[in-house]
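Let's take a walk through this structure, starting with its overall layout and then moving inside. Have a look at the sequence and the model first.

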Amino acid sequence: MEALNADEGAPQLSAETMAALAEFYQEQMKPASEGVSEDWSLSQFWYDKATADAVAKEAVAASKNGRIACLSTPTIYKALRGMHYNKKKATLFEYDRRFGSFGKHFVFYDYKSPDDVPPELHHTFDFVCADPPFLARECLAKFLVTMALLCKDASTPVLLLTGAAMAPIVTDLTGGSLKQLKFVPRHEKERLQNPFAAYANFAHGEFV
């Protein structure tokens with residue numbers, strides 16, 4: 001009986017499968033906080049690099065290198081950590097405890113308890129960026145409560161990232177203080193069907 005070559009019985013993987021495996025193992029080699037994948041059950045959809053970098057850059061400029069609060073915006077927070085910016089000044093408020101690897105710069109946040117923010121962080125931030133996980137009036141209203149609690153004062157720059165369809169509700173809940181910008185935030189691989197928009201109480205650079 002002819003001996004079987006060891007390679008002859010091995011399953012052959014397609015180039016597409018090999019590429020997917022390579023990407024998977026590359027993700028596994030990243031630090032825990034850097035390789036966190038989207039959890040769609042938490043309505044997580046990461047922004048693409050261009051969007052995250054643009055928002056992070058504007059946050060630093062608008063805050064005048066001050067303290068920045070990232071409310072349910074982990075990709076923005078990670079972009080800030082990659083910049084020439086004192087990352088000790090940025091804090092991520094997030095429901096997903098996988099980001100707890102950021103240590104003291106991570107604060108667990110559940111929008112259903114909007115006032116549940118450590119007292120020592122009240123009115124201490126020079127810029128607040130937020131992305132409510134759900135396109136719903138109740139969710140946005142509670143986020144706005146937390147955002148007000150984090151802002152240093154009424155003049156603190158605020159950037160809200162949410163669906164374009166939420167524009168009338170944003171105007172209603174904020175009394176028109178947050179206005180829709182020309183800047184359009186985009187997500188990785190454009191998985192979302194709902195167009196997104198940015199709303200702010202300031203205008204600067206491309207954020208007009």
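The chain's secondary structure comes to 5 helices and 7 strands, where helices are DSSP runs of H or I with at least four residues and strands are runs of E with at least two, numbered from the N terminus. Starting at the N terminus, the order is α-α-β-α-β-β-β-α-β-α-β-β. Keep in mind that this is a predicted model, in which local features need pLDDT of at least 70 and side-chain atom pairs count only at pLDDT 80 or more, while totals for chains, interfaces and linings use all residues. Residues are numbered from 1 along each chain as its sequence is written, and side-chain values use heavy atoms, leaving out hydrogens and water.

How much of the chain is buried? Of its 208 residues, 43% count as buried, meaning under 20% relative accessible area with a 1.4 Å probe and protein chains only. As for contacts (heavy atoms within 4.5 Å), 66% of those with a separation of 6 or more join residues 24 or more positions apart.

After α2 comes K64, with a positive phi near 55°.

Of its 32 residues, I68, L80, F127 and L159 touch the most other members. Two or more residues each come from α2, β1, α3, β2 (90-94), β4, β5 and β7 (196-200), and α2 gives the most, with 7 residues. Leaving aside residues up to four places away in sequence, L80 touches A56, V60, I68, C70, Y85 and A90. A second, separate core has 27 residues, including L140, L144, L160 and L178.

What about the cysteines? Searching the whole structure for disulfides, pairs of cysteine sulfur atoms within 2.5 Å, turns up 0. C129 is in no disulfide, and the nearest cysteine sulfur, that of C70, is 6.0 Å away. C129 is buried, with a relative accessible area of 1%, and C151 also counts as buried, at 8%.

Terms used: Buried < 20%, exposed > 50% of the residue type's maximum accessible area, 1.4 Å probe, protein only. Core = buried A, V, L, I, M, F, W, Y, C linked by side-chain atoms within 4.5 Å.
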